[in-house]
Amino acid sequence: MRLIEAIRSAFSAIAANALRSLLTMLGIVIGVAAVIAMVAIGSGARNLVDRQIRSLGANLAIVTPGNVTQGGARLGAGAASSLTDEDAHAIRREVDGVVAAAPFVQGGVQVVAGGSNWGTRIYGIDLDWFSAREWDVATGRTFDPEEVRRGDIVILLGQTVARNLFGEDDPIGQNVRVRNVPFRVIGVMASKGQSAFGQDQDDVVFVPLDAGRRRVIGRNYAKDGSVGSIFVKFANESDIEPGIESMTELLRQRHRIIGYQEDDFSIRNLTEIANTASASANTLSMLLAAVAAVSLLVGGIGIMNIMLVSVTERTREIGLRLAVGARPRDIRSQFLIEATTLSTLGGALGIGLGAGAAYLVAQLAGWPSLVSTNAILIAVGFSALVGIFFGFYPAQRAAKLDPIEALRRE
Amino acid sequence: MALIETRDLRRVYDLDAGRVVALDGVSLDIEQGDFVAVMGPSGSGKSTFMNLVGCLDRPSGGQYRLAGTEVESLDADGLAHLRNREIGFVFQQFNLLPRIDALSNVELPMIYAGFDRKVRRECALQALGRVGLAERAHHRPMQLSGGQQQRVAIARALVNSPSLLLADEPTGALDSRTAKEILGLFQELNREGATIVLVTHDADVGRHARRLIRFRDGRVIEDHRQTPVDARDLAAEAAE
């Protein structure tokens, strides 16, 4: 018997018991829906994490000053102003695999433009910042090396700041005042969106490092050449761990810290934070996959059960088919195809349901989801496999029936 | 050469209660074009004989040739092929598939013979026409009377043009008038050249055949030629 005939006859057998078939498929439907939703939400989450890693800049470590002790009170990490431009330059020069080392200072300021003003964070940066954070201007230009060297009073606005101060107008060439110092706007940064922690990364302005240190932030950076923190970007992820070790050694030397003395700085691997996030997304995926596997298993057993019932109910039909010339293998493939059609149909329904669920989650929870063709192919393949696996035993039983016995059965 | 040749055909069942000899050395020849009624009380071995002749079962001993093929040496697939091509079955309970219409039921043997859809439709319609049911082709079995259902079953038996029609109590589930019609149809088919072997315990049905074979205790106890195979006026004789 040809495949197309067998599939047609399988469909008519399924349609003949529509409700029973639907209930039988339910296990597969739920299993496949879980797989589809899992993969969609999982890859959506991974996408989100990837984007956040990229928005921070990949393969990044941050060097922050350590604590200082004043009159017995330890002031906490970052309180010391122990890092300098020179530390950053030394890291760039001497540590293997470092692509950029971007020292920066930061503070909160009120930016005034004409009649409007906006409170935001200001960063004093040098040219390495742009490569370390993989961040460029959307319009205008970044600082040129001379501006950075001289500490010129030019400024780059984040998207949020530009919008709040200038609305739809082009801010480039305009002046804004920060702490009464007039800065000329030379560019607007590209949008970065939210950080991994929900902060608006576009609510920010940038000035050359020295301009920030001398004219705006002052404070602890009074001591010439000291910086708040240093972003260090590595070429490869595998460079980060050894890089951190040699940076630690380098900075201890430069800061003349010996023996068991505590570091006056700390270095954190930012990629690890992102990895933790993606690891928890993976754990969630694994959990859903386990649920899906159990559901597919239960669905498969349901199919086996109903196929056994069907073989018993249709014993006379099997006997008749054998009598008119069906070979045992024709009977086997008939029931196998019926089971596979049942499970594949369930799989198709599950794909629809899963995609719908993923879409709903995306809409309600604001969690991005992605239904991939791969996931669909895998789901269809798996449900067909379940049908073949669990359909085989009933089909084999049907094929082994004795035609005389089968015809005599009531 | 006879269409059916059996030589010392035996069938022994090994049951828990011991060995049961259902068929104890049957040697028969059945000619092409004959109409044979097989009779006997239940347990006489006539059903066992029919199952062997129908290639549904394999003998424990002896030889069986159907249309020149040595049946006892065939495997399950070989038997299936022979049933498909050489034998048309008609059962007491019709055994039509309830979910599909008459035409599709008639097509069934051709599906396993590997014909494509168009050829099948054509032949099945022709066979339905032969039994007088062409206009009922798209009725389901439940929408047909018992006699009509048996006609559909006969059309199904004819559709692959087999060399042997094997009927097991074909009138057993029908009222006497319908039974007579069906019997008439068998006789008509026989006059057109079909070889028919029919199992019955109805003596009246047995009288309509050209030859009557009676079984008891697994043996042939009577083999009576009622009408020559080449006689053309069977209906007239039967009417007497």
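How many residues of chain B are in contact with chain A? In this predicted model, 18 residues of chain B contact 18 residues of chain A. The most is given by α2(B), with six residues. By residue type, the side of chain B that touches chain A divides into ten nonpolar, four polar and four charged residues.

Confidence was examined for chain A. The mean pLDDT of chain A is 85, and 92% of its residues reach 70 or more. Within chain A, confidence is lowest in strand β2 (residues 69-70), at a mean of 63, and highest in helix α10 (residues 315-323), at 94. Where pLDDT is low, the predicted coordinates should not be read in detail.

Chain B contains eight helices and ten strands. Of the 240 residues in chain B, 45% are buried. When contacts in chain B between residues at least 6 apart in sequence are considered, 69% join residues at least 24 apart.

Four strands of chain B form an open sheet, in the order β2-β1-β4-β5, with antiparallel pairing. Its edge strands are β2 (18-30) and β5 (69-70) of chain B, each of which pairs on one side only. Strand β1 (residues 4-15) of chain B pairs with strand β4 (residues 61-66) of chain B in the antiparallel sense, over five bridges. The bridge partner of B:T6 in β4(B) is B:Y64. In general, strands of a sheet pair through backbone hydrogen bonds, either parallel or antiparallel.

Helix α6 of chain B spans residues 176-191. This helix has 16 residues and reaches 22 Å from its first C-alpha to its last, close to the 22 Å expected at 1.5 Å a residue. The buried residues of α6(B) are B:A179, B:I182, B:L183, B:F186, B:L189 and B:N190. These residues lie on the same side of α6(B), because they cover an arc of only 115 degrees around the axis. An α-helix has 3.6 residues a turn, so residues three or four places apart point the same way. The elements against which the buried residues of α6(B) pack are β3 (35-39), α5 (146-158), β7 (164-168), β8 (196-199) and α7 (203-207) of chain B. After α6(B) comes B:G193, with a positive phi near 115 degrees.

Helix α6 (residues 159-166) of chain A was considered in the same way. In α6(A), A:V161, A:A162 and A:L165 are buried. Their arc around the axis is only 100 degrees, which puts them on the same side of α6(A). The cover over these buried residues includes the chain A strands β4 (98-113), β5 (116-125), β7 (154-157), β8, β9 and β10 (204-208). Just after α6(A), A:G167 takes a positive phi of about 60 degrees.

Strand β7(A), one of the elements covering α6(A), is itself covered on both faces. On one side A:V154 and A:L156 are buried, and on the other A:I155 and A:L157 are buried. Pairing of β7(A) with β9(A) is parallel, over four bridges. Here A:L156 has A:G187 in β9(A) as its bridge partner. With β10(A), β7(A) runs antiparallel, and two bridges join these strands. In β10(A), A:V205 stands opposite A:L157.

Positive phi values were also found in chain A at residues other than glycine. A:N180 is not a glycine, yet has a positive phi of about 70 degrees. This residue lies in the loop between β8 (175-178) and β9 (181-189) of chain A. A:N180 counts as exposed because it has 7 C-beta neighbours inside 10 Å, where the cut-off for exposure is 12 or fewer. A:R256, also not a glycine, has a positive phi near 55 degrees. A:R256 is found in the loop between α8 (240-254) and β12 (265-269) of chain A. With 8 C-beta neighbours inside 10 Å, A:R256 counts as exposed.

How values were computed: Residues are numbered from 1 along each chain as its sequence is written. Chains are lettered from A and ligands numbered from 1 in the order in which they are written. This is a predicted model: local features need pLDDT of at least 70, side-chain atom pairs count only at pLDDT 80 or more; totals for chains, interfaces and linings use all residues. Two strands pair if DSSP finds at least two bridges between them. Two residues are in contact if their C-beta atoms, placed from the backbone, lie within 7 Å. Ala, Val, Leu, Ile, Met, Phe, Trp, Tyr, Cys and Pro count as nonpolar, Asp, Glu, Lys and Arg as charged, and the others, Gly among them, as polar. The expected span of a helix is 1.5 Å times one less than its number of residues. A residue is buried if 20 or more other C-beta atoms lie within 10 Å of its own, exposed if 12 or fewer, and partly exposed in between; C-beta atoms are placed from the backbone. The arc is that of the directions from the helix axis to the C-beta atoms. pLDDT is the predictor's confidence in each residue, from 0 to 100.
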